[in-house]
Amino acid sequence: MSPDGIVEVKKIGKIYDGGVEALRDVSLGLPRGRLSTLLGPSGCGKTTLLKIIAGLIPASSGEVWVKGKKVDGPGPERAFVFQDFALLPWANVLRNVAFGLELRGATKEHRFEIARKHIAEVGLSSFESSYPHQLSGGMRQRVGLARALAVDADIILMDEPFSSVDEQTRRKFQEELLELLRHKQKTVIFVTHSIEEAAYLSDQIVLLSPRPGTVSKIIRPNIERGVRDPDEIRRDKNYLDVVEEIWQILKRYV
Amino acid sequence: MEQKSRIISPVVWQLLSFALFFGLWEIAGRWPISFAFPPFSKTLMALLHMIADGSLPKAYFSTLQPLVIGIVLCSIAGIGFGIGMGLSRTIEWFSLPIFIILQAAPMAAIIPLLTYMYGIGLTSKVLAVIILAAPVIVMNSYKGIRNTNPSLIQMCRAFLGTKRQEVIKIILPHAAALIFAGLRLGLAMGFIGIVIAELLITPTGIGDLITYHSSVADYPEMFAAIASIIVLAALAIHALERLERRLFPAEIRGLEDVP
C-alpha cells in the first residue's frame, strides 16, 4: 500500500441482502493527487466499491479510511459524480451546480458566485439558466462534474460518468477532464468498463475480477502526459501496451 | 401559414364535434325518443330561464358548499396522510391495504348509510365528498413520494443533505406533480359524491332541482340542471388540468429520469 494513500481500502467485503457476494477481501491504496480507475467487467462490484468509499452504502466487512479517518458515511472531503447525472430536473444549471453548497447552508450570493466559476470551467457559462432536459448528455455530465467541483472536495468519485455519452463527446470530455484535474490537484477515483478510457486517463488502474469482486491486478501505466497533444497519447507505445496488458487479463473473465 | 392552420384546426374539430352532438340531441328530442327527453333547444332555453330567475345560482350556492369543504379537507388531510404513508414504512403497512380497497370499492354504496349516522345535514354531504375523493388523493400523494428517483436521494446524501433536506428539497418537489394530479382526480370524484349525496340523502341544491323538476314533469328544466353540473365539473377539471400542465411541464417533472 502506498504510504501517501489518501484513501485506504482495507479488506472490504460486501454481501447484499439475498446473499449475492459483490466484493471479497478488497484492499488497496489510492494515492493523493492521482487518478485511479476501478476497471472490470459488468458485475464485478466496481460501482459497489466506489459507493462504499463514498459512504453511500455500508460494507459487510472491512474498513475504508479517508485522510486518516474511518468512513461511516458521506463526508465533505468526497464528492460524487453519478452515472445517470442525478440532476434536479426542476432546477436550472446554476442551482444544480450550487446544490451541494445549498445543502451546506451557504448563502445564495456565495454559492451562486462559486457555482458560476465552476460552470465556466466546464464550458457551460451560457447555459446557466437552462434546465437539464434542454441539455445533451455530455452537457448534463459537465453539470454533474461542476457540482462536484463546487463543494471543493479533495477526492472526486466518478461512477462511469461517460457511459451515457456518445463516443465523440466522451473523448473530448476525457481530454478536458485531464486538463482540468492537472490544475486542481484532486484525487480522482473513476469507475469504468472501458479499457481505453482507463489506460488513457489513469495513473493507477485497479483491475477487478467478477463475482465476487477481488483485486485481480494493479497496473500503473507510465504514460507521459504533460504538455503533449492528447491524440499523441493514443498512439503512444506505452498506452497501447497497457491496453493490451489489460485485455489479456480481462478476456479470461469474459 | 401552415403553422396557423395547425393551431386552428383542433379547435375547429372540437367545435364541429360539439355541433354534431348538440345537433343529434336536437333531432333525437324532436323525434321524439321519449316523452321525457327534450330537444337541445328547449333544454338550453330552460337553462337560461333558470339562471335568470335565480334558481340555478341558488342551487349551486348550496351544492358547492359541501363540495368545497370536502375537497379542502381532503387536500389537507389526504395529502398529509399520503405523504406520511410514502415516508414511513409503519404508516404504509398500517394503512396501505385499506386505501387500496377504498380506491377499488364502489364507495357510493356507503352514502345512504351516512344518513343514518350523521343525519341529512351538511356533515353527511361533506362526508360523501370525502369518502369518494380521499382515496385517490391519498394514493396519488403516496405514489408521488414513493416514486422519487432513488439516484436523486443518493445524490442528496452524497452531498451531505440531512433527512429533512432530502424530504424538502428532493422528495416533495419530485412528488408535487403527482400530488396535484391526485387533487384533480379527487375533484372529479367529489363531483360524483356531491351529486349522489344530493339525490340520495336529501334533495338540496342541484339534486333538489333535478328531483323537483322530474317529479313535476318539467323535463327541459331537469335536463338543464343535469347538463349544467356536467359542464361545471368538466370545466373545473379542465381548468385544473391546464394549471397542472403550466405548473409542472412534463420535462421538469423528472418523470423521464425515473429508471
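Me: Which residue is the bridge partner of V7(A) in β2(A)?
Reply: L30(A) is the partner of V7(A). Bear in mind that this is a predicted model, where local features need pLDDT of at least 70, side-chain atom pairs count only at pLDDT 80 or more, and totals for chains, interfaces and linings use all residues. Residues are numbered from 1 along each chain as its sequence is written, with chains lettered from A and ligands numbered from 1 in the order in which they are written.
Me: OK, and how many bridges do β1 and β2 of chain A pair over?
Reply: Seven, in the antiparallel sense, between β1 (residues 5–15) and β2 (residues 21–31) of chain A. Strands here are DSSP E runs of at least two residues, numbered from the N terminus, and two of them pair if DSSP finds at least two bridges between them.
Me: What does G18(A) do in that hairpin?
Reply: G18(A) takes a positive phi near 105°, and the hairpin has five residues between its strands.
Me: What's the strand order in the open sheet?
Reply: β2-β1-β4-β5 in chain A, with antiparallel pairing. The edge strands of chain A are β2 and β5 (69–70), each pairing on one side only.
Me: Which residue stands opposite W65(A) in β5(A)?
Reply: K70(A) does. Two bridges join β4 (residues 61–66) of chain A to β5(A).
Me: Switching topic: what is A128(B) in contact with?
Reply: Leaving aside neighbours within four places in sequence, A128(B) is in contact with residues including I111(B), L114(B) and G193(B). Contact means that C-beta atoms, placed from the backbone, lie within 7 Å.

Note on methods:
Helices (H or I, at least four residues) and strands (E, at least two) are DSSP runs, numbered from the N terminus. Two residues are in contact if their C-beta atoms, placed from the backbone, lie within 7 Å.
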